[in-house]
Amino acid sequence: MFRNQYDTDVTTWSPAGRLFQVEYAMEAVKQGAAAVGLRSTSHVVLATVNTAASDLSSHQRKVFKIDDHIGVAIAGLTADGRVLSRYLRNECINHAFVYESPLPVSRLVVRLADKAQVCTQRSWKRPFGVGLLVAGLDETGAHLYYNCPSGSYFEYQAFAIGSRSQAAKTFLERRFESFNTYSRDELIKDAIFAIKETLQGDKLTSSICTVAIVGQDEAFHMIDQKVIQEIINSMEIKEDAPADQAPLQEDKGSEEAPMDI
Amino acid sequence: MALRRDWVYENNGGTCVAIAGSDYCVIAADTRLSVGYSIYTREFSKICNLADKCVLATSGFQGDMKALQKNLAARHLIYQHQHNKQMSCPAMAQLLSNTLYYKRFFPYYTFNILGGLDSNGKGCVFTYDAVGSYERVGYSAQGTGAGLIIPVLDNQLKSPSPLLLPAKDAVTPLSEAEAVDLVKDVFASATERDIYTGDKVEIVVINASGIRQELMELRKD
C-alpha cells in the first residue's frame, strides 16, 4: 500500500470505497508475531510464537485467559490486546454476575466487534491495532473466532494470523476437514506443527511458543512448557524417520496419543 | 403512629462461628433460614469459599448475603486476572470492609466473619459489623446465637481473647480436632435456646492441605 490523499483520517473514504486507516490497522496485525487456533468438536487450541524485544527482555504475553471457558490469542499491538482482554474479562464477569451462567462466545465476539467498529467511525479515535483469535466453549459447542480491527469477525475451524501466517494457513488448509474428529492431544500437536510452519527454518523450542487449550471438562489454561517440549521432541524424532508425510497421516488414525513414544 | 412501609430488610436468623488456630481455621454456620417464627428452609448454606485460603460466613439478611458474596467473588476474579494469584485472607478482609462501608448509607444487613490462613499459613479470623468495621481476632461468633456462644468461647479460648491487654498472639493453642469439637459443642448449646439456630451446622476447616467440609445434625425444633 502506498500513501495517498485518503489515508489521513479513519473517517475519510477513498473513491474506491476503502477506509485506508482501517486497512493500515490490519497491516499492524500482519506484522505481529504469529498466532494460530484450531478447533475440534470438544476442544479449542491456541498457539502463539513469543517474540522478545531483545535477548535481555522477557517474552511478550500473547495469550490471555478471559474466563474459564474463553481465552484469546493476539497478534499486533500487544498493548491494545491487553486493554481489550481487560474489557472482555469485564464483560464475562458482569454477565456471570447477572445471569449466573457463562457468557456465550458468540455474544462476546459481537461486543468486541462493536467496540472495534466504534473506532472506525470516530475522528478522534484510531482503530485497534490487534487481531484476536477468540477460543471458547459454550452450550452450543466449541468455537474459534477471529476479530479484526475493522470490526468484522468470522468463525473458523482453524486460522492463523500474524507474520508468516500464510505458511500455517496452508498447513491447516490441508488438514482442517478432519479436525472435528481429532483427539485433544492430536489437536495440540497440530497447533504446534502449524506454529513450526511459521518459523520457516528457525528452531522451534518450548520457550518461544505458548500453547493454551480449552475443552468441555477443561478450563482455559496454558499448557506447561515441559509438556510442549516433549511434544516438540517427539515431532523431531518423527521427522528424522525416512518417510515424510506418512508418519503424520498414520498419527491421525492411531489410537495411541502422539506423546506415548 | 404511622405505618412504616419502606422496611426493606429481613432477618433470616442463624449463627456463624470461627476459630483461628496456629495452622488451621475453623468456620461454621448453621443451615436454617427463618423469617419471623417460620422456617423457610433447613438446608441453606451461609458459607462461601471466596478464595483458596479464605472463607466467608454471613448471618443476617440472606438477600444481602447473596449479593455480597457475588460482589466479592467477582472482585476476586478481577484480582486474579490482574495479579495472577489468589487473594490473601488479610487482603480479602480489607476488601470486605471497603465493600461494606461503600454502602454506609444503605447497608448490607449482614454480620460477617471471614476466616482463613494468612500469608504465613497461620489461621486468621476477621469479624465485622454491618458497615465494615473489622478486627482480626482469634475467634468470633455472629448472628442470633452469638450472645449464647461468645461467653463460652471466651472461657475456653482465653488466650486469644480480645479482652486481654496487651493484645497477644491471636491464635488458639488448641489442635484442629479440639477446635472442631468445641465448635460442635457451642452450636449444640446455642441450638437449645436460640429458636433461629438449628437443623444442621456446616463446618469448614481450612489448613495447608486445602478446604474440608463437614455437616453435623442439630436439633430441628
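Is Ile149(B) buried or exposed? I looked it up, and Ile149(B) is buried, with a relative accessible area of 0%. My cut-offs: buried is under 20% relative accessible area, exposed is over 50%, and partly exposed is in between, with a 1.4 Å probe and protein chains only.

Ground rules before I go on. This is a predicted model, where local features need pLDDT of at least 70 and side-chain atom pairs count only at pLDDT 80 or more, while totals for chains, interfaces and linings use all residues. Residues are numbered from 1 along each chain as its sequence is written, chains are lettered from A and ligands numbered from 1 in the order in which they are written, and side-chain values use heavy atoms, with hydrogens and water left out.

**Entry: around Ile149(B)**

I placed Ile149(B) in helix α3 (residues 146–156) of chain B. Helices here are DSSP runs of H or I with at least four residues, strands are runs of E with at least two, and both are numbered from the N terminus. I then listed contacts, meaning heavy atoms within 4.5 Å. Leaving aside neighbours within four places in sequence, Ile149(B) is in contact with Thr15(B), Val17(B), Ala141(B), Val186(B) and Ala190(B).

**Entry: helix α1 of chain A**

I compared length with expectation, taking the expected span as 1.5 Å times one less than the number of residues. Helix α1(A) covers residues 20–31, so its 12 residues should span 16 Å, and the 17 Å between its end C-alpha atoms agrees. Which residues of α1(A) are buried? They are Phe20(A), Val22(A), Glu23(A), Ala25(A) and Val29(A). These buried residues pack against β4 (70–76), β5 (130–138) and β6 (141–147) of chain A.

**Entry: rings**

My rule for aromatic pairs: rings of Phe, Tyr and Trp (its six-membered ring) pair if their centres lie within 6.5 Å, with planes under 30 degrees apart stacked, over 60 edge-to-face, and the rest tilted. I get 14 aromatic pairs over all chains by this rule. One of them is Phe20(A) with Tyr24(A), a tilted pair at 6.2 Å centre to centre and 45 degrees between the planes. Both sit in helix α1 of chain A, and because they are four residues apart, about one helical turn separates them. Phe20(A) counts as buried at 9% relative accessibility, whereas Tyr24(A) is partly exposed at 23%. Tyr156(A) and Phe159(A) have ring centres 3.9 Å apart and planes at 15 degrees, so I call that pair stacked. Phe159(A) is buried, with a relative accessible area of 13%.

In chain B, ring pairs link Trp7(B), Tyr9(B), Phe61(B), Phe106(B), Tyr109(B) and Phe111(B) into a cluster. I also looked for charges over rings, meaning NZ of Lys or CZ of Arg within 6 Å of the ring centre and within 35 degrees of the ring normal. Lys103(B) lies over the face of Phe106(B), at 4.3 Å from the ring centre. Lys103(B) also lies over the face of Tyr108(B), at 5.1 Å from the ring centre.

How much space lies in the largest pocket? About 640 Å³. A pocket is an open set of points on a 1 Å grid over the protein atoms alone, with protein on both sides within 12 Å along at least five of seven lines, and lining residues have an atom within 4 Å of a point. Its lining has 24 residues, and Arg61(A), Arg89(A), Gln80(B), His81(B) and Gln82(B) lie nearest its centre. α2(A) gives the most to this lining, with eight residues.

I followed up His81(B), which lies in helix α1 (residues 62–83) of chain B. His81(B) counts as buried at 16% relative accessibility. Not counting residues up to four places away in sequence, His81(B) touches Lys65(A), Ile66(A), Arg89(A) and Ile93(A).

**Entry: helix α5 of chain A**

Helix α5(A) (residues 184–199) has 16 residues and reaches 23 Å from its first C-alpha to its last, close to the 22 Å expected.

Technical notes:
On a 1 Å grid over the protein atoms alone, a cavity is a set of points where a 1.4 Å probe fits but cannot get out, and a pocket is an open set with protein on both sides within 12 Å along at least five of seven lines; lining residues have an atom within 4 Å of a point. Grid points are joined across faces, edges and corners, and a volume is the space filled by probe spheres set on the points.
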